[in-house]
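User: I want to learn how to read a helix and its surroundings from coordinates. Please walk me through it.

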Amino acid sequence: MPGTIIGCLGAQRSGKTLFAYKLVKAIHEAYDIPVYTNIYSPRDDFHYINSLEDFPLDLSPKILFIDEIYNGLDAQDYKKLKEISIFINTIGKQNCLFVYTTIEAEMVYNRLRNQTQTVVVVSKNDRNIYYKLINLADMSSSIHSVPINAKLFVDCAMNWSVRIASFSVPA
């Protein structure tokens with residue numbers, strides 16, 4: 001897990017945040033690993049952050065889950081690129097699993113794209129959500145479908161309507 005970066009890509013309302021949320025929640029519950037996220041979800045015992053300054057830089061196991069990452073890691077903001085690069089290059093040293101969502105890979109800073117090990121591509125129709133998991137090391141993949149029904153949203157404590165508009169990197 002340390003240093004693993006997982007990117008979930010898909011159109012808005014495709015189910016990418018749901019997948020990432022359920023993934024980090026399952027790991028959190030199974031191994032009691034703290035989750036730091038820009039999603040307000042107090043019933044999950046997740047730590048709400050809106051800046052990397054709020055993220056602990058230590059060797060304890062942790063998960064960083066950033067929804068809609070392109071809002072704060074904007075590759076066009078050249079003043080922040082050094083800080084972003086340093087952070088991404090130290091993920092493994094921080095004993096951290098990093099999970100992020102984005103609409104398109106091109107919207108994410110290239111250093112993060114290049115260090116992502118697993119990509120989950122998400123799409124849906126009116127009956128199912130489709131997940132294609134791709135291991136970028138060997139380009140192996142698997143496709144899974146999940147029916148859209150009330151059971152899919154059981155135990156989703158996150159407040160879908162309260163999300164931070166952007167996520168900031170310290171200056």
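User: What covers the buried residues of H1?

Analyst: Cover is read from contacts, that is, heavy atoms within 4.5 Å. In this predicted model, the cover of the buried residues of H1 includes strands E1 (5–10), E2 (35–37), E4 (62–66), E5 (96–102), E6 (118–124) and E7 (128–135).

User: Which residues of H1 are buried?

Analyst: Buried means under 20% relative accessible area. In H1 that gives Lys-16, Thr-17, Leu-18, Ala-20, Tyr-21, Val-24, Lys-25, Ile-27 and His-28. For the protein chain of 171 residues, 44% count as buried.

User: What follows H1?

Analyst: Asp-32 does, and its phi is positive, near 55 degrees.

User: How many aromatic pairs does the structure hold?

Analyst: It holds 5. One of them joins Tyr-40 and Tyr-48, with 5.9 Å centre to centre and 80 degrees between the planes. Planes over 60 degrees apart count as edge-to-face, so this pair is edge-to-face.

User: Are Tyr-40 and Tyr-48 buried or partly exposed?

Analyst: Partly exposed. Tyr-40 has a relative accessible area of 38%, and Tyr-48 is at 39%.

Terms used
Residues are numbered from 1 along each chain as its sequence is written. This is a predicted model: local features need pLDDT of at least 70, side-chain atom pairs count only at pLDDT 80 or more; totals for chains, interfaces and linings use all residues. Side-chain values use heavy atoms; hydrogens and water are left out. Rings of Phe, Tyr and Trp (its six-membered ring) pair if their centres lie within 6.5 Å; planes under 30 degrees apart count as stacked, over 60 as edge-to-face and the rest as tilted. Buried means under 20% relative accessible area, exposed over 50%, partly exposed in between (1.4 Å probe, protein chains only). Helices (H or I, at least four residues) and strands (E, at least two) are DSSP runs, numbered from the N terminus.
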